Amino acid sequence: MEVFIDTANTEQIKKYYELGIVDGVTTNPSLIAKEDKPFKKIIEEIVSIVDGPISVEATEEKAEGIIKQGEEYSKINKNIVIKVAINEEGLKAIKELSKKGIKTNCTLIFSANQALLAAKAGASYVSIFVGRLDDAGNNGMNVIRETMEIFKMYKIESKLISASIRNPIHVIESAKAGADVATIPFNVLDKMIKHPLTDKGIQKFLDDWKKVK
Ligand code: G3P
């Protein structure tokens, strides 16, 4: 399973990319808004750090506008993937962008049906929001499992991204379900790396090493 980091914070991206555990980045308008920098500058900085897919969200509502934004953003770098929210205008834009050879990440997906249609339209990635489904009283992981089953059955080429991940269990369950990608916030990556028994074990080895003659 590929690991993307779900943030627009370049310090976080740099830190985890240097560890060799990050294959790509996903951003969204809310994550960009948290940063005190101009949008283009953030994307250019991310491009200079990461050699892998970088999802940047289109914010226009009509297909024409989404396509125009997609064309503009994709010129920044070959690794840019255009995030497009699923609805009729979004599907239309995904179809056109895909014809132009521009990669897309269909976002805000909450059902296997939406994922299936995004794939039909030509989305390179489909992002299923596990955490937000759980928050709404649904089982986000069931949607991941169901979608993977369908994608495998029909050899669908779109990659499934397990998104809106809130804890390390979401990551394990996504990997077990065969998700192609998990896009993970930095605080969850941090929890995945650490274990109290590891810290205790390292300290004990260091202390004992001091006693070695
Ligand atoms: O990748 C989608 C993600 O950014 C949404 O996460 O935590 O806002 O539901 P969240």
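Reader: So how does the lining of the second largest pocket divide by class?

Author: The lining of this pocket has 4 nonpolar, 2 polar and 4 charged residues. Here Ala, Val, Leu, Ile, Met, Phe, Trp, Tyr, Cys and Pro count as nonpolar, Asp, Glu, Lys and Arg as charged, and the others, Gly among them, as polar. Keep in mind that this is a predicted model, where local features need pLDDT of at least 70 and side-chain atom pairs pLDDT 80 or more, while totals for chains, interfaces and linings use all residues. Residues are numbered from 1 along each chain as its sequence is written, and side-chain values use heavy atoms, with hydrogens and water left out.

Reader: Which residues line the second largest pocket?

Author: Among them are Glu 2, Pro 53, Lys 78, Lys 103 and Lys 159. A pocket is an open set of points on a 1 Å grid over the protein atoms alone, where a 1.4 Å probe fits and protein lies on both sides within 12 Å along at least five of seven lines; lining residues have an atom within 4 Å of a point.

Reader: OK, new topic: where does the ligand sit?

Author: In the largest pocket, meaning more than half of its atoms lie within 2 Å of the pocket's grid points.

Reader: Which residues lie nearest the centre of that largest pocket?

Author: Asp 6, Asn 28, Leu 31, Lys 34 and Pro 185, out of 23 lining residues. By class, that lining has 6 nonpolar, 11 polar and 6 charged residues.

Reader: And which residues surround the ligand?

Author: Asp 6, Asn 28, Phe 129, Arg 132, Ala 163, Ser 164, Arg 166 and Thr 183, each with a heavy atom within 4 Å of the ligand. That shell has 2 nonpolar, 3 polar and 3 charged residues.

Reader: How far is Asp 6 from an oxygen of the ligand?

Author: An N or O atom in the Asp 6 side chain is 2.6 Å from a ligand oxygen. For Ser 164, a polar side-chain atom is 2.7 Å from a ligand oxygen, and for Asn 28 the distance is 2.9 Å. A polar contact here is a pair of N or O atoms within 3.5 Å.

Key: Polar contact = N/O pair within 3.5 Å; in protein donor to acceptor, adjacent residues only side chain to side chain.
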